[in-house]
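Here is a short briefing to read alongside the model. Take a look at the structure first, and then let us walk through it topic by topic.

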Amino acid sequence: MKALARIILRQLLFAVWLLAMWVLYCTPACMHPVEHLIAVPFAVLIPTAVIMRRLCSDPRFMRWLDEQRQ
């Protein structure tokens, strides 16, 4: 189950990154796409890391995860 959760998280992260890239490239004011290629992963990864840290420190989530493993 842990492997499945990792795969789903990676796919969601990639989908959010693709969506952010699509939004950035479809705006008419976008003049610096290379800067966006550098900035978007940080804009997505940092909040994701904060959310995952908070989620993994929650005892209710850890109990649920242990139940799912069994």
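A pocket, as the word is used here, is an open set of grid points with protein on both sides within 12 Å along at least five of seven lines. Its volume is the space filled by probe spheres set on those points. In this predicted model, the largest pocket holds about 370 Å³ of space.

**Fold and surface**

- The chain has 70 residues, and 9% of them count as buried.
- Its accessible surface is about 5,900 Å², with 71% of that belonging to carbon and sulfur atoms.

**Confidence**

- The mean pLDDT of the chain is 79, while 86% of its residues reach 70 or more.
- Among the elements, the highest mean pLDDT belongs to H3, at 86, and the lowest to H2, at 78.
- A word of care for any detailed work: where pLDDT is low, the predicted coordinates should not be read in detail.

**The largest pocket**

- Which residues lie nearest the centre of the largest pocket? They are Ala 5, Arg 6, Leu 9, Met 52 and Phe 61, out of 15 lining residues.
- Helix H1 (2–26), helix H2 (33–56) and helix H3 (59–69) are the elements that each give two or more residues to this lining.
- H1 provides the largest share of the lining, with 7 residues.
- Sorted by class, the lining has 12 nonpolar residues, 3 charged ones and no polar ones.

**Aromatic pairs**

- The count of aromatic pairs comes to 2.
- One of these pairs joins Phe 14 and Trp 17, whose ring centres are 6.2 Å apart and whose planes meet at 25°. Planes under 30 degrees apart count as stacked, so the pair of Phe 14 and Trp 17 is stacked.
- How are Phe 14 and Trp 17 placed in helix H1? They are 3 residues apart there, so about one helical turn separates them.
- Phe 14 has a relative accessible area of 49% and is partly exposed. The cut-off for exposed is over 50%, so Phe 14 at 49% does not count as exposed.
- Trp 17 is also partly exposed, at 24% relative accessibility. Buried would mean under 20%, which is why Trp 17 at 24% does not count as buried.

**Distances between residues**

- Gln 70 sits in the segment after H3, and with a relative accessible area of 81% Gln 70 is exposed.
- How far apart in space are Gln 70 and Met 1? Their C-alpha atoms are 9.0 Å apart, although 69 residues separate them in sequence.
- Leu 24 is part of helix H1 and counts as partly exposed at 23% relative accessibility.
- From Leu 24 to Leu 37, the C-alpha atoms are separated by 9.5 Å, and the two residues are 13 residues apart along the chain.

How values were computed:
Residues numbered from 1 in each chain as written. Predicted model: local features only at pLDDT ≥ 70, side-chain atom pairs only at ≥ 80, totals over all residues. Heavy atoms only, no water. 1 Å grid on protein atoms, 1.4 Å probe; cavity = no way out; pocket = protein on both sides within 12 Å on 5 of 7 lines; lining within 4 Å. Helix = DSSP H or I, 4+ residues; strand = E, 2+ residues; numbered from the N terminus. Nonpolar A, V, L, I, M, F, W, Y, C, P; charged D, E, K, R; others polar. Buried < 20%, exposed > 50% of the residue type's maximum accessible area, 1.4 Å probe, protein only. Areas by Shrake-Rupley, 256 points an atom, 1.4 Å probe, with all protein chains shown as cover. pLDDT = per-residue confidence, 0-100. Phe/Tyr/Trp six-rings, centres within 6.5 Å; stacked < 30°, edge-to-face > 60°.
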